[in-house]
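Here is a friendly walk through some local features of one protein chain. Please keep the viewer open as you read.

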Amino acid sequence: MAHVKRKDLSEHKKTIKGKTVGGLLNAVDIRKSKSIDIFKKSVRKESSIVAANYFESKSVRFVCYLGCGSGYENKELSLQFIRKGIRFSMLLIDANGTDKLEAILRQWTTPIGVLLEGSCEGAASALEKASMESLFDAMHMWLIVENFNNQWNIQEVLEGLNLSVDADLVLASNVGSRFVLTDIFNFGNIQGNKLEKKVIGEWDIEKGLSVSRNSFKYYDRWDFNNLTLRAITVILDQPKVFKPEMLADPGYTPGVSVMTKITTQLLWTLKDEHNFRFNYTIAGRWIGSPERNSTLAVTNSLYWRQQDVSCTCARIFPHWLDWVDVFLPPATQLQTKFYYLILDKGVGDYENRFLTPLSPGVWWWTIASCVAFTLVLAFTAVLEERTEPGLYAAFSVFAIICQQAYEDGINLFDEISSSQGRRMILLVVGLMSMLLYNYYTSSVVSWLLNAAAPTLADMDALINTDLELVFEDIGYTRGWLDNPGFFYYSGFKNPKEDILRTKKVVKAKRTTALLQPVTTGIDLIRSGKYAYHTEPYTAYQVISKKFRDKELCELGSLQMMPPANVYIMAQKRSPYKQFFVWSLMRLNERGHVSAARARASGFTPRCSGQTPRALALGQAAPAFAILAQVGLFSLLILACEVIYHRIQRRKKNKAFNHGASIRGNNSDGV
């Protein structure tokens with residue numbers, strides 16, 4: 001019995017001893033787990049401070065947090081951003097939490113920050129989802145916090161992401177008591193380039209955030225490592241052998257627009273500076289339908305993402321911005337004109353400027369002076385006892401104003417008296433008329449000689465003329481001809497464009513083809529029966545070689561498209577847009593844009609002015625009209641004088657006959 005008790009006692013002691021050892025082990029585990037939790041909370045708190053400081057340094061005002069922590073921890077994290085004036089939103093990512101990622105981060109106009117907790121279970125799937133939705137761009141500034149307990153290989157995931165040169169993605173790696181910040185991007189994942197990494201700074205408790213990259217990110221991404229970009233350009237007649245040099249040659253190249261040359265020169269400057277190259281595709285039009293199987297054009301190839309950038313530029317209308325993005329500033333300006341020979345037949349446009357040489361005040365004072373002189377002259381004529389002093393005064397003043405003289409039938413030697421006042425009045429009127437005549441005639445003659453040639457002033461004049469319209473065979477002209485109601489040239493709703501298209505193109509009787517190459521079109525101009533539509537640069541390259549000075553002086557033009565900005569294009573939300581916009585602005589600031597425009601502007605021939613130009617009747621029509629009216633008035637006066645003299649003669653004859661009859665009667669009576 002005692003033996004049994006001792007045995008139970010020993011077993012009891014062993015049990016107690018085992019429980020004590022186990023308890024001690026459990027206590028150690030509990031303390032270890034608590035220390036790990038404390039460490040995790042410390043690291044998480046530090047990572048939240050790192051994130052808040054990082055986004056504050058980038059002046060971000062909106063941050064979206066993709067995480068998986070507890071409510072208390074997420075609340076503490078949000079307070080870190082709110083205290084710095086940064087708006088904060090949150091999306092908990094788990095197995096199905098990435099479905100709303102695209103809707104949460106859908107922002108293309110204002111940059112937003114994205115904070116991703118790398119220790120979360122759904123972090124890898126969130127990155128893959130963002131890559132599929134093209135959310136690694138300049139508008140989304142990503143910060144991935146990599147802690148010690150990541151459940152996925154971040155290096156493998158980053159290698160598979162669709163990153164590009166505009167990616168703003170920084171990895172914050174926890175290394176002991178500090179975080180190392182690494183900038184991650186790719187010059188072109190689609191082109192097969194490798195992932196690029198560069199340490200840009202670090203954070204620790206004592207020094208805080210220290211970022212070495214204070215300049216714009218593309219200064220750190222200067223060398224593109226011979227990246228190949230797909231570029232599309234426009235050549236009207238596709239050459240049998242294409243050489244890229246023909247796109248940038250300052251001289252005239254048939255089929256290559258001047259805006260293509262300017263764009264190519266600018267892009268080649270960037271190409272040489274940043275070490276990338278182009279693989280060219282040739283198209284025949286700038287604008288094309290985005291529907292599949294449509295004719296290849298610059299816009300639809302970019303819309304289908306078959307090309308990266310356009311090695312040309314085009315005028316862009318608002319609805320086309322749904323297909324492509326444009327680079328600012330504009331590369332150059334596009335304008336078009338109708339060229340024709342100035343009409344030398346017909347009366348021309350009616351112009352009445354014969355009253356403008358003298359102001360209204362001068363005309364009124366002249367009339368008042370003439371009336372006053374007439375009254376004074378009539379008074380002197382009364383003193384001289386002239387038979388009709390009023391008529392004498394009026395006709396004398398009028399004759400002197402017209403540089404003529406008036407006689408009232410009294411010879412100079414038969415005058416009974418001649419007052420000095422009358423002579424002085426006539427002298428003053430003569431001097432006044434001479435001054436007015438000199439000023440007036442010199443002004444009118446200078447206006448007639450220096451006035452612009454009687455060209456077509458607007459689209460209405462072009463519609464009403466007999467000229468047959470011929471157009472250069474170019475993409476935007478074909479688009480204008482094929483789309484009534486599309487006001488490509490005016491840039492706004494202008495019904496006159498439709499009227500011009502209807503009357504002068506659709507319903508017009510044609511003697512030649514509507515679309516002609518430049519050389520043929522310029523030759524048609526020389527016949528005087530056609531007006532040719534093209535760009536000034538293209539027209540003058542042929543005109544300078546074929547036109548003589550006389551033809552240059554007779555050459556007229558009508559602006560069809562006022563100078564309009566044209567832009568280099570790229571894919572919608574292109575990863576290269578930010579780089580090219582920044583680069584083109586730098587080129588513009590340093591004068592490269594104006595230099596490229598000057599190199600490609602070409603020579604513009606001018607009229608020497610030595611060939612006299614005939615005046616159209618329309619410019620002098622008022623003078624001829626006044627002469628005709630005065631001539632008719634003189635005939636009326638002549639008719640009145642003839643009638644008056646006949647009446648007077650009849651009266652004299654009647655009086656003479658009556659007197660003769662009286663004398664005959666008297667003689668008979670005697």
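Predicted model: local features only at pLDDT ≥ 70, side-chain atom pairs only at ≥ 80, totals over all residues.

## Charges over rings

A charge is taken to sit over a ring if NZ of Lys or CZ of Arg is within 6 Å of the ring centre and within 35 degrees of the ring normal. Arg 573 lies over the face of Trp 108, at 4.2 Å from the ring centre. In the other example, the charged end of Arg 501 is placed over the ring of Trp 480, 4.4 Å from the centre of that ring.

You will find Arg 573 in the loop between strand S17 (555-571) and H18. With a relative accessibility of 41%, Arg 573 counts as partly exposed.

## Aromatic pairs

How many aromatic pairs does the count come to? The count is 38 aromatic pairs. One of them joins Tyr 65 and Phe 88: the ring centres are 6.1 Å apart and the planes meet at 25°, so this pair is stacked. Tyr 65 belongs to strand S1 (residues 62-67) and Phe 88 to strand S2 (residues 87-92), so the pair links distant parts of the chain, 23 residues apart. Is Tyr 65 buried or exposed? Its relative accessibility is 1%, and Tyr 65 therefore counts as buried.

Tyr 218 and Trp 582 form another stacked aromatic pair, at 5.8 Å centre to centre and with 25° between the planes. These two partners are 364 residues apart and also link distant parts of the chain. Tyr 218 comes from the loop between strand S8 (208-211) and strand S9 (227-234), while Trp 582 is in helix H18 (residues 577-589). Tyr 218 is buried, with a relative accessible area of 0%; Trp 582, at 13% relative accessibility, is buried as well.

## Two packed helices

Two packed helices are described by the angle between their axes and the distance between the axes. For helix H9 (residues 360-383) and helix H10 (residues 389-401), the angle is about 135° and the axes are 8 Å apart. Since angles over 145 degrees would count as roughly antiparallel, that angle makes H9 oblique to H10. The crossing of H9 past H10 is right-handed.

Which residues of H9 and H10 meet? From H9 come Cys 370, Phe 373, Thr 374, Leu 377, Ala 378, Ala 381 and Val 382. On the H10 side they meet Pro 389, Tyr 392, Ala 393, Ala 394, Ser 396, Val 397 and Ile 401. An α-helix has 3.6 residues a turn, so residues three or four places apart point the same way.

## An enclosed helix

Helix H16 (residues 536-546) is largely enclosed by the rest of the structure, because eight of its eleven residues are buried. The buried residues in H16 are Pro 536, Tyr 537, Thr 538, Ala 539, Tyr 540, Gln 541, Val 542 and Ile 543.

## Backbone details

The peptide bond from Leu 328 to Pro 329 is cis, with omega near -5°. Pro 329 lies in the loop between strand S12 (324-326) and strand S13 (332-341).

Asn 275 has a positive phi, near 60°, in a residue other than glycine. Asn 275 is located in the loop between helix H7 (258-274) and strand S10 (276-283), and at 31% relative accessibility Asn 275 counts as partly exposed.

Notes. Residues numbered from 1 in each chain as written. Heavy atoms only, no water. Phe/Tyr/Trp six-rings, centres within 6.5 Å; stacked < 30°, edge-to-face > 60°. Helix = DSSP H or I, 4+ residues; strand = E, 2+ residues; numbered from the N terminus. Buried < 20%, exposed > 50% of the residue type's maximum accessible area, 1.4 Å probe, protein only. Axes fitted to C-alpha atoms, helices over the stretch in contact; angles between N-to-C directions. Parallel < 35°, antiparallel > 145°, perpendicular 65-115°, else oblique. Left-handed = near helix turned anticlockwise from the far one by under 90°. Contact = heavy atoms within 4.5 Å.
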